[in-house]
Amino acid sequence: MGLSALCLCLLAGCGKRQTLVEIADRAQQYRVSNSDEPSDIDPQIGIGEIEHDIIVSLFEGLISANPKDLSPLPGVAERWDISGDGKSYTFHLRKDALWSNGDPVTARDFVESYHRLLMPALGAQYAYMLYPATNAEAFNNGQITNFEEVGFKALDPRTLEIKLHSPTPYLLSMIIHDSWFPVPVKVIKEYGAIDDRANPWTLAGHLVGNGPFVLREWRMNSHILVEKSPTYWDRKNVRLNSIYFDPESSYDTAERMFRSGQVHTVRQVLPYKVAYYLKNQPGLINDYPLLTTYFYKFNVTKPPLNDKRVRQALAMSIDRRAITETVSRAGEMPAYTLTPPDTAGYTATARVREDPAAARQLLAEAGYPDGKNFPTLELLFNTVENHKAIAEALQQMWKKNLNINVTLHNEEWKVYLDSMRRTNYDIGRGGWGGDYMDPSTFLDILMTDSGNNETGWSNAEYDRLCRAAANTGDRAVRYAEYQKAEAILMEEMPIIPIYIYTRPRLIRPSVKGWYPNLLDQQNYKFIHLDPTLD
Amino acid sequence: MLRFIARRVLETIPVLLIIATATFFMMRLAPGGPFDTEKQVSKEVRARMEAHYGLDKPLFEQYLLQMKHLLQGDLGPSFKYPKRTVNEIIADAFPVSLELGCEALAVALALGLLAGMVASLKQNSFWDHFPMSLAMLGLCVPTFVMGPLLISAFALHLDWFNAAGWFFPRDRVLPALTLGAYYAAYIARLARGGFLDILHQDFIRTAQAKGASGARILLRHAMRGGLLPVVSFLGPAIAGLLTGSFVVETIFGIPGLGRFFVTAAFNRDYFMVMGSVLFYAVFVIVLNLAADIALVWLNPRLRFE
């Protein structure tokens, strides 16, 4: 068969032909290289950005994100009221919101969805996104079992009330997250228990959603095809007829598919290719900042890193600009704070200083003049070329500026995660992407009881400030608390910020209405394809 | 012959048991688990997920339970893809690898046998040196170089093919060539050796003395013996070809079994690892058995013993 295909092809003459993208442009089919096979497209179980980019085509929450600036746009809710104390939200659902099986989307559906997400047995990883609601955390942890006590209530089929335990000014920014999307609980029940992760309701032919598209095909490692929904309330504004998601996980292969005109967009390309595209084909790449910070964590439980002067010295003797411009080279911004600048209007004023002379002084004060007697530390990172290059740069900078030695140690992804989780490292690579637009999504990770802390660092005042900020609705007061908290962080330095990630996305000129944003949120309603531009 | 087959089949039972046991314990000894993610889940969530899949039970109990399920043909659920079972994933992905493998095998046999036979007939001439040099090159160029080279030339420059994918008949051409080339080179060298060996035997000389034509000698008299080395190579080679190549599937974006085989281990998808390892093991055993039977049939000096 291979030979016959070869012969046929040679005989028939495989000359210049239309690319898939050119054909797709005319059919309004948006072809996306989505960089991996989604683990699941259940909004309450599929958790990464790969899953997200598919889920937002199939489901819609109370509000959706404006892709230009992430501001809230009406979704299933046409309007909403917030009580004076900021602790009660009332969403008024639109009459014409329908599931793809024709049933209306009701307030009851939302309550049942949130009930499912918080069921302990489901083990949903993003259940904590609902924790601002009264008693949501207690229910999720199994401390209470009566869902009536949780702050979600359907006042009537078209009115949903959400009661919060404390004002959460960024709630609308959380609500655009997949975990707040409704799921068709009635349909899920037809395929098995609603709290069973393995319930096959999301397979093609089963899935019922309420988004602008419906699932047509899902073949593992091959593709997912979604088509315009005939029941979506805003269908007159949906201009794409279909979206084709290719799960190619090799960056090289995906980039070749882009070049051969098989896909409109590729989520990410390798750093050396970024430099190439930016220089030679800037019209095909969009390299935009994300709400994600690249950093190194210190294990503060062991000497010499239990001494904050040592941590400060290490943090101050790094040239971040040299790293982003000559090592990582994908247009990243040097980071001097944990929270990326201008996160929902918050920019930390306390910043890491870059001052090798002062760093040497600090190291001397800590008992290691000119690096003398400083033990050899180990730098841990997961096995990725770019992480290795950055680790080597740090190694050199510390040798040059502080005259100390660090060794490099790379581990396979899961081994590395395990080492980090057990705080079994000296200095370990890390990264954190914000879930929503608020400094709390970054600063909370270093609270004492956060599972993502991993450094052994604990500071009562820091914890108190983060809690105080979470308990007030006044933005000015909150941000003032976060400023103080971040100042503690920069003084104590349990982590060293290195840079703010960018997303080097390849995208064809025919794609119109696509916008870069900090959370890389897609809103396919805005997109259409212009065949004259390819 | 039946006794021979029965004995070989019985022999596979302890082999599979050892493979399954080693896989189980090696996988569990590897640091990191299926639910380790960059954003840590809470201890409660992790505990619930582990309980859901029975990973909270004592290790030996888990082992016995899995062996019991394996005996019933139930390979278990996938952790990474919660909506699918390992049986479903293999049933989905194997036909793709099988098709690619058959096409690559066709390429390998056609090119390899032709080159090998011609080279043995025209020993030490251009028709020997040229294909054998090519074969040497084919052996030396790894598929991860060959694949991108072919894509560069035929997909990106000449635009005859897509750079990756598995939808249209023409999508089969480059992967089959890439995967087949290595085996073609191997087969060419083995076939040349095999035929040279046979062509110098007395019975061939007798045939030549009787005036038989070159083609008749090759096809009628030398074929059986000349193929022997190729056949014994084909058993494991076919198993490797048909169960999927991670490299070729990755380069060409093919939804085959080879990728799962590797990514399952990275994901610590325990049941998926076990399922694909056992599937591969059974395949290798069956094909080796088939090769042994074919060898006896081809070589009258061997007997089923």
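Chain A places 42 residues in contact with 51 residues of chain B, two residues being in contact if their C-beta atoms, placed from the backbone, lie within 7 Å. This is a predicted model, in which local features need pLDDT of at least 70 and side-chain atom pairs count only at pLDDT 80 or more, while totals for chains, interfaces and linings use all residues. Residues are numbered from 1 along each chain as its sequence is written, and chains are lettered from A and ligands numbered from 1 in the order in which they are written.

**Side of chain A that touches chain B**

- Helices α1 (2-12), α8 (251-259) and α14 (413-421) of chain A each supply at least two residues of this side; helices (H or I, at least four residues) are DSSP runs, numbered from the N terminus.
- The largest share, six residues, comes from α14(A).
- By class, this side of chain A has 17 nonpolar, 14 polar and 11 charged residues. Ala, Val, Leu, Ile, Met, Phe, Trp, Tyr, Cys and Pro count as nonpolar, Asp, Glu, Lys and Arg as charged, and the others, Gly among them, as polar.

**Helix pair in chain A**

- Helix α16 (residues 460-470) and helix α17 (residues 475-492) of chain A cross at roughly 160°, and their axes come within 8 Å. Axes are lines fitted to C-alpha atoms, for helices over the stretch in contact, and angles run from 0 to 180 degrees between N-to-C directions.
- α16(A) and α17(A) are therefore roughly antiparallel to each other (angles over 145 degrees).
- The residues of α16(A) that meet α17(A) include A:Tyr462, A:Leu465 and A:Cys466, and those on the α17(A) side include A:Tyr482, A:Ile488 and A:Leu489.
- The contact of α16(A) with α17(A) has nine nonpolar, no polar and four charged residues.

**Helix pair in chain B**

- Helix α12 (residues 257-267) and helix α13 (residues 270-298) of chain B pack at an angle of about 135°, with their axes 8 Å apart.
- In α12(B), B:Leu257, B:Phe260, B:Phe261, B:Ala264 and B:Ala265 meet B:Met272, B:Val273, B:Ser276 and B:Tyr280 of α13(B).
- Eight residues of this contact are nonpolar, one is polar and none is charged.

**A:Leu58**

- Leaving aside neighbours within four places in sequence, A:Leu58 is in contact with A:Ile41, A:Leu207, A:Gly209, A:Gly211, A:Phe213, A:Leu215 and A:Val226.

Technical notes:
Parallel < 35°, antiparallel > 145°, perpendicular 65-115°, else oblique.
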